[in-house]
Each structure stands twice: as structure tokens, then as C-alpha cells.
Amino acid sequence: EDDALSANNQRLAIMRSSSSPLMFLAHDQWSPRFEKHFFTVRIIAAESHTSAPESASSSVPGKKNHPAYYYKIEVSMGHDSKIVHRRFSQFCWLHNQLSPRFAASSERNSANPAHDDLPLVMPPKTCFFHVQDERFANNRMEQLEEFLEDALQRPNVASDAAVALFLELP
């Protein structure tokens with residue numbers, strides 16, 4: 001997994017050396033009229049699958065067993081949109097890639113909405129005997145969307161190689 005990330009970092013460094021860095025905008029602030037270096041994401045569904053969907057990348061590390069819930073993420077840049085499917089374990093991989101940048105404190109500071117130095121918060125993992133029904137998946141989907149928005153709004157995260165790999169950004 002580190003080799004894939006390292007290769008992606010090198011590819012992104014070459015591509016972005018002459019172009020603008022990617023910039024994330026929350027879905028309610030984004031418009032297709034913005035240039036292609038602006039993007040937005042939203043998780044539009046949680047779907048149970050007995051095998052990996054076609055748009056589920058094998059280059060992003062994560063569990064492979066099925067059945068499993070996949071979260072359907074809409075990624076929009078300019079007039080283009082695409083769908084990528086990701087499992088919870090792949091969100092955990094992204095979290096592990098980004099977390100070392102942020103402070104060890106787990107408390108949020110509501111007085112500082114930027115909270116750039118606070119850790120990224122992921123929904124908790126579950127025990128193998130925990131029932132994962134549609135209600136559970138939809139609740140987790142909301143929490144994962146909060147995690148993505150929190151991460152992508154922080155300085156330099158939107159242009160990170162792990163984010164590009166996870167969201168299949170150019």
C-alpha cells in the first residue's frame with residue numbers, strides 16, 4: 001500500500017508542478033462553473049454488495065470480504081462527475097494516512113471553527129457480532145461524510161496524494 005501511495009505522490013508532484021493545487025469546496029458552496037481544480041464530494045448512498053462494485057478501486061487498501069456495505073461517493077469537478085465506491089476500511093486507511101499531521105488531542109474547539117490542529121474524527125469500528133443493517137449504514141454514512149468534509153477543508157489535505165488515490169482525482 002505504501003508503494004501505491006509513493007507512486008501516486010510522484011505522479012501528483014509531476015502533474016501539479018505546473019498547475020494549481022486542487023481545492024475542496026463544501027457541496028453547498030460548489031458550482032459546476034468553477035474551474036477544474038475546484039472539487040466537491042458527497043456520499044449519496046450506502047449500499048450492501050455481495051461482491052465489489054465496478055467503481056470500487058483495488059488500489060485503495062481495505063478489506064475484501066463480502067457481503068459488505070460500500071459508500072457511494074459522488075466526486076464533482078467542473079461539469080464532470082463520477083461515482084466511486086469505498087468501504088469503511090478504506091476510509092480507515094485514508095484516516096490513517098492523514099492523521100499523523102494533526103494534534104493528539106481529541107477535543108474539538110468550538111471557538112475555533114477551523115480546528116486545523118485537532119485530530120480527524122472517524123466513526124467507531126464495530127465488533128464482528130454487531131448487526132450492520134440499513135439504519136446503521138445510513139448513520140455511518142453521515143459520520144463518514146462529516147469526516148471527509150472535515151479533512152478536506154483543512155489546509156493542503158485536498159491536494160494530498162492519499163486523498164487523490166481515495167477519490168480518484170486527476
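**The largest nonpolar core**

Modeller: The largest nonpolar core comprises 37 residues, and those with the most contacts inside it are Phe 39, Tyr 71, Ile 73, Phe 91, Leu 152 and Leu 167. At least two residues of this core come from each of β2 (38-49), β3 (68-77), α2 (88-98), α3 (134-152) and α4 (161-167). The most is given by α3, which supplies 7 residues. Please note that the model is a predicted one.

Leaving aside residues up to four places away in sequence, Phe 91 touches Ile 43, Tyr 71, Ile 73, Arg 86, Met 122, Leu 144, Phe 147, Leu 148 and Phe 166. Two of these partners, Tyr 71 and Ile 73, are also listed among the core residues with the most contacts.

The strand β3 deserves attention next. Of its 10 residues, 9 are buried, so that β3 is mostly covered. β3 runs antiparallel to β2, and 10 bridges join the two strands; within this pairing, Ala 45 has Lys 72 of β3 as its bridge partner. β3 also pairs in the antiparallel sense with strand β4 (residues 80-86), over 7 bridges. Here the bridge partner of Tyr 71 is Arg 86 in β4, and both Tyr 71 and Arg 86 are touched by Phe 91. β3 and β4 form a hairpin with 2 residues between them, and Gly 78 in the turn has a positive phi of about 60°.

Key. Residues are numbered from 1 along each chain as its sequence is written. This is a predicted model: local features need pLDDT of at least 70, side-chain atom pairs count only at pLDDT 80 or more; totals for chains, interfaces and linings use all residues. Side-chain values use heavy atoms; hydrogens and water are left out. A nonpolar core is a set of buried Ala, Val, Leu, Ile, Met, Phe, Trp, Tyr and Cys residues joined through side-chain atoms within 4.5 Å. Buried means under 20% relative accessible area, exposed over 50%, partly exposed in between (1.4 Å probe, protein chains only). Helices (H or I, at least four residues) and strands (E, at least two) are DSSP runs, numbered from the N terminus. Contact means heavy atoms within 4.5 Å. Two strands pair if DSSP finds at least two bridges between them.
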